[in-house]
Amino acid sequence: MLAELSRREKEAGIKPDPEIDAFMKATAVQGQESSLVTDYALKILGLDICADIMVGGAMARGVSGGQKKRVTTGEMLVGPAKALFMDEISTGLDSSTTFQIIKFMKQMVHVMDVTMIISLLQPAPETFELFDDIVLLSEGEIIYQGPRENVLEFFESVGFKCPERKGVADFLQEVTSKKDQEQYWYNKNAPYRYISVSEFVHSFKSFHIGQRLTEELRIPYDKSRAHPAALVKTKYGISDRELFMACFSREWLLMRRSSFLYIFKTCQITFMSIITMTVFLRTEMTPGTIAGGGKYLGALFFSLIQVMFNGMAELAMTVFGLPVFYKQRDFLFYPAWAYALPIWVLRIPLSFMESAIWIILTYYTIGFAPAASR
């Protein structure tokens with residue numbers, strides 16, 4: 001399919017943007033271990049150098065604080081959402097990284113038909129130039145909402161002009177301030193007076209961008225034009241089987257990462273079973289007597305307690321992972337059963353193995369069976 005697409009592009013004389021062309025064609029390739037969107041987001045966010053490192057937390061060392069903020073941004077970017085609302089995502093990031101992130105978001109908006117509303121704290125001029133539309137808020141009012149190219153034109157119509165060496169973003173933040181507004185007044189034929197937020201709002205309604213916006217909002221939306229697939233009709237985006245398999249694969253990966261714990265538990269129960277069979281050795285047991293019965297009951301109770309509490313080592317890991325589970329469950333990544341069932345299924349073989357080790361080493365040696373063959 002991609003070869004046919006390339007052939008038709010050459011025949012029609014189409015020369016797409018190389019970066020966007022590679023992005024679109026690579027996202028169409030299925031069967032990869034990870035999608036290109038994920039790999040691209042990791043590279044843009046500067047997380048490719050720590051892609052295989054756990055995020056970490058208060059009890060486990062992981063990535064740095066700035067990288068954790070980038071992970072949060074990446075979680076939103078690689079998801080299936082078509083409308084993203086981001087508040088001051090540049091906090092803790094340098095201007096170069098912020099520029100790369102916003103550039104990537106702009107490509108997503110134009111290529112993947114995504115809507116993004118982003119608020120930034122004092123963006124650099126080159127970052128500001130990447131935005132398509134600007135929404136300027138002050139005191140709970142919308143002063144301007146429209147194309148970025150017309151924002152300076154609007155303020156010039158009111159009487160304020162941005163200096164040549166002044167960043168537009170800084171100008172927009174200061175022009176509505178009573179303390180900083182006067183320095184941008186450029187109408188020398190009229191004395192300066194403070195322009196309040198309500199006056200800015202009134203001026204925007206009479207501005208051609210505001211008038212066009214009012215006309216667009218005045219026309220009610222025709223619901224018949226909506227695509228049948230535009231509305232979400234299911235709680236989760238994939239089937240129950242796919243949810244289970246995804247959670248199963250993740251839990252299996254986590255178990256492999258924590259393989260040392262399970263190896264340690266196996267060695268621990270083996271060591272404890274050897275100690276137990278020497279303490280309750282069958283040659284020292286006296287079956288048929290009350291004292292012997294007490295010893296057998298003690299051996300049974302100790303075996304039960306040992307096998308039960310051998311899994312207590314995983315309790316801390318389970319509690320540590322609960323915040324992640326709550327977060328992803330509330331975001332409708334998966335239901336609770338899809339998270340719990342793989343854990344239960346994968347723990348059954350381990351429980352059987354631990355019980356088998358204990359029984360093989362202690363059942364005959366303690367004297368629960370008269371012969372080893374039984």
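This is a predicted model: local features need pLDDT of at least 70, side-chain atom pairs count only at pLDDT 80 or more; totals for chains, interfaces and linings use all residues.
Q: How far apart are the end C-alpha atoms of helix 13?
A: Helix 13 has 20 residues, which at 1.5 Å a residue should span 28 Å. The model agrees with this expectation, because the end C-alpha atoms of helix 13 are apart by 28 Å.

Q: Within what arc do the buried residues of helix 13 fall?
A: The buried residues of helix 13 are G292, Y296, A299, S303 and Q306, and what covers them includes helix 12 and helix 15. The face turned away from this buried side carries the exposed residues I290, A291, L297, F301 and M308. Seen down the axis of helix 13, the buried residues line one face of the helix, because they fall within an arc of 95°.

Q: Is E251 buried or exposed?
A: E251 lies in helix 11, and, leaving aside its neighbours within four places in sequence, E251 is in contact with P342, I343, L346 and R347. A residue counts as buried under 20% relative accessible area. The relative accessible area of E251 is 8%, so E251 is buried.

Q: Is E139 buried or exposed?
A: E139 lies in the loop between strand 3 and strand 4, and its phi is near 55°, a positive value in a residue other than glycine. A residue counts as exposed over 50% relative accessible area. The relative accessible area of E139 is 65%, so E139 is exposed.

Q: What does L332 count as at 39% relative accessibility?
A: L332 is found in the loop between helix 14 and helix 15, and its phi is near 60°, a positive value in a residue other than glycine. Buried means under 20% and exposed means over 50%, with partly exposed in between. At 39% relative accessibility, L332 therefore counts as partly exposed.

Q: Which strand gives the most to the lining of the second largest pocket?
A: The second largest pocket holds about 1,100 Å³ of space, and of the 38 residues that line this pocket, the closest to its centre are I118, F131, D133, I134 and V135. Several elements each supply at least two residues of the lining, including strand 1, helix 5, strand 2 and strand 4. With six residues, the element that gives the most to the lining is strand 3.

Q: How many residues of the lining of the second largest pocket are nonpolar?
A: The residues of this lining divide into nonpolar, polar and charged groups. Eight of the lining residues are polar and seven are charged, while the number of nonpolar residues is 23.

How values were computed
Residues are numbered from 1 along each chain as its sequence is written. Side-chain values use heavy atoms; hydrogens and water are left out. On a 1 Å grid over the protein atoms alone, a cavity is a set of points where a 1.4 Å probe fits but cannot get out, and a pocket is an open set with protein on both sides within 12 Å along at least five of seven lines; lining residues have an atom within 4 Å of a point. Grid points are joined across faces, edges and corners, and a volume is the space filled by probe spheres set on the points. Helices (H or I, at least four residues) and strands (E, at least two) are DSSP runs, numbered from the N terminus. Ala, Val, Leu, Ile, Met, Phe, Trp, Tyr, Cys and Pro count as nonpolar, Asp, Glu, Lys and Arg as charged, and the others, Gly among them, as polar. Buried means under 20% relative accessible area, exposed over 50%, partly exposed in between (1.4 Å probe, protein chains only). Contact means heavy atoms within 4.5 Å. The expected span of a helix is 1.5 Å times one less than its number of residues. The arc is that of the directions from the helix axis to the C-beta atoms.
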